[in-house]
Amino acid sequence: MSKHLKYISIITLFLVSLFLVACQNQKSQTKERNRKQRPKDELVVSMGAKLPHEFDPKDRYGIHNEANITHSTLLKRMPNLDIKGELAKKYTISKDGLTWTFDLNDDFKFSNGKPVTAEDVKFTYDMLKKDGKAWDLSFLKDIEVEGKDKVSFHLTKAHSTFTAQLTEIPIVPKNDYKENYKANPIGSGPYMVKEYKPGEQAIFVRNPYWHGKKPYFKKWTWVMLDENTALAALESGDVDMIYATPELADKKVKGTRLLDIPSNDVRGLSLPYVKKGVVKDSPDGYPVGNDVTSDPAIRQALTIGLNRKKILETVLNGYGKPAYSIIDQTPFWEPKTAIKDNKVAKAKELLSKAGWKEQADGSRKKDNLNAAFDLYYPTNDQLRANLAVEIAEQAKALGITIKLKASNWDEMATKSHDSALLYAGGRHHAQQFYESHHPSLAGKGWTNITFYNNPTVTQYLDKAMASSDLDKANHYWKLAQWDGKTGASTLGDLPNVWLVSLNHTYIGDKRINVGEQGIHSHGHDWSLLTNIAQWTWDESTK
């Protein structure tokens, strides 16, 4: 080879190496997202276009386990669903279950520097009991302050699900709880609200008086955006973490990862349990009863005939699992109720035996009554709208006609006792199961909207609620679902046809470590954020 050619080869190799290095550098740079110059210890998130419950327990703030971000609760539910003390360092329950006594930690302070005392606990629970809208505390007889850091709750009757309220109700300051508290909430959690502009954003900063380990992120902001706008903001670097609907969950965004978290956030049909005219006076004044959905054969046919897996794949893009109750996978769920479905022939046979005769067009009729009912769903919830369409289509194969009614929650409340709703639920405790099936709560708000009333189930519910032994309570919760003969479940005379539980899906920067996430409950908005005080920034995952 000539010297001239040798020099050309060396230069060529050099230029190629420079090109490869440049490409490699460019490749490594594209791995990192442009975060618009935000420091590592600041975050911007978007979990939806509104901030549910707005920091005030009167507006149900805490019901989705969000209270511990900005406030303290007496007890705290862990990711594995175990319950431990939070503000309460220890507690005891009397043998008869009527007295719950709490010894409080003495190092909790509100974000204004004032200590959290037993007086604040008493004030919070007394105030919410008197208000009576967000929380059912009617079982509380009185609350006794036994010292600055000791308080006892005296109950009118044993109430095993009291732990639900104890893990959810945020303690507010007696002397600083004012009208429009949500505009300037004062709590004792790891974060405090620096600014809240409804419909726009909420800014959170560390509570300087927080007793525990200092959170990694000194500031985080929830910008209130719809899902599509939030996705665009994530792509541009204006937002670091978003909630993604199932349709958007497969979207690839540079430098991000998908968080796919199981939940018992379930969707299904609420079906009025009694015929028209059986209930004359509803507590809320709305009409009660439906001659079609009150037939057990209709409810059972839908339960076994609908194809949950197809609904899951068609509507949820595969992000979820079949659901059979509002308490699936919890310690008080009866696993036998996880039935096999998509049994169209069996469902049709069941309807025929019950007198629902198949007509020439495939629909069914019993005497002069068509196997048809209205199904209401909120128009502003695309997921429920899609579910309603899929369910109605599948029901046709059974001969059941479901007439879809696009609506809003105000109207749906008035129709909740005589029409089907595309319903939702799912919590970390048995309280909602009790509320959905006990006749004493029929027609009171959103509890037992179907007017379900099975005396055997009611006895089990009462025994479960009255038990001071939580293991024994779980035994009765399971019997209420199925005792071998009857129960409020897929095997019994269920008033709701539960179909799918959603996985909560989020897309966020790969470097955000969201800590240990347990099974989420109903409501994706706050679910991921409940442990944000444990979140960190991990450069090794970039």
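This passage describes the overall build of one chain and then two of its residues, as seen in a predicted model.

The chain has 542 residues, and 54% of them count as buried. Its secondary structure comprises 14 helices and 22 strands. Along the principal axes, the C-alpha atoms fill a box of roughly 100 × 70 × 40 Å. The accessible surface is about 24,200 Å². Carbon and sulfur atoms account for 50% of that surface. The chain carries 75 positive and 66 negative charges.

Among contacts between residues at least 6 apart in sequence, 71% join residues at least 24 apart.

The domain assignment divides the chain into three parts. Domain 1 covers residues 50-182. Domain 2 is made of two segments, 185-261 and 506-537. Domain 3 spans residues 264-501. The C-alpha centres of domain 1 and domain 3 lie 32 Å apart.

Arg 267 was examined in detail. This residue is found in strand β12, which runs over residues 256-270. Arg 267 counts as buried because its relative accessibility is 8%, under the 20% cut-off. Its side chain makes a polar contact with the side chain of Asp 265, at 2.6 Å. Others touched by Arg 267 include Arg 384, Tyr 423, Ala 424 and Trp 498. Leu 499, Val 500, Leu 502 and His 522 are also among its contacts.

Ser 419 was examined next. Ser 419 lies in a loop, between helix α10 (409-415) and strand β19 (420-425). With a relative accessibility of 4%, under the 20% cut-off, Ser 419 therefore counts as buried. The side chain of Ser 419 makes a polar contact with that of Asp 418, at 3.2 Å. Beyond residues up to four places away in sequence, Ser 419 touches Ser 270, Pro 272, Asn 290, Asp 374 and Tyr 376.

Both residues thus count as buried, Arg 267 in a strand and Ser 419 in a loop. Each has a side-chain polar contact with an aspartate: Asp 265 for Arg 267, and Asp 418 for Ser 419.

Methods:
Residues numbered from 1 in each chain as written. Predicted model: local features only at pLDDT ≥ 70, side-chain atom pairs only at ≥ 80, totals over all residues. Heavy atoms only, no water. Helix = DSSP H or I, 4+ residues; strand = E, 2+ residues; numbered from the N terminus. Buried < 20%, exposed > 50% of the residue type's maximum accessible area, 1.4 Å probe, protein only. Contact = heavy atoms within 4.5 Å. Areas by Shrake-Rupley, 256 points an atom, 1.4 Å probe, with all protein chains shown as cover. Lys, Arg positive; Asp, Glu negative; His and termini not counted. Charge placed at Lys NZ, Arg CZ, Asp CG, Glu CD. Polar contact = N/O pair within 3.5 Å; in protein donor to acceptor, adjacent residues only side chain to side chain. Domains from an automatic or database assignment.
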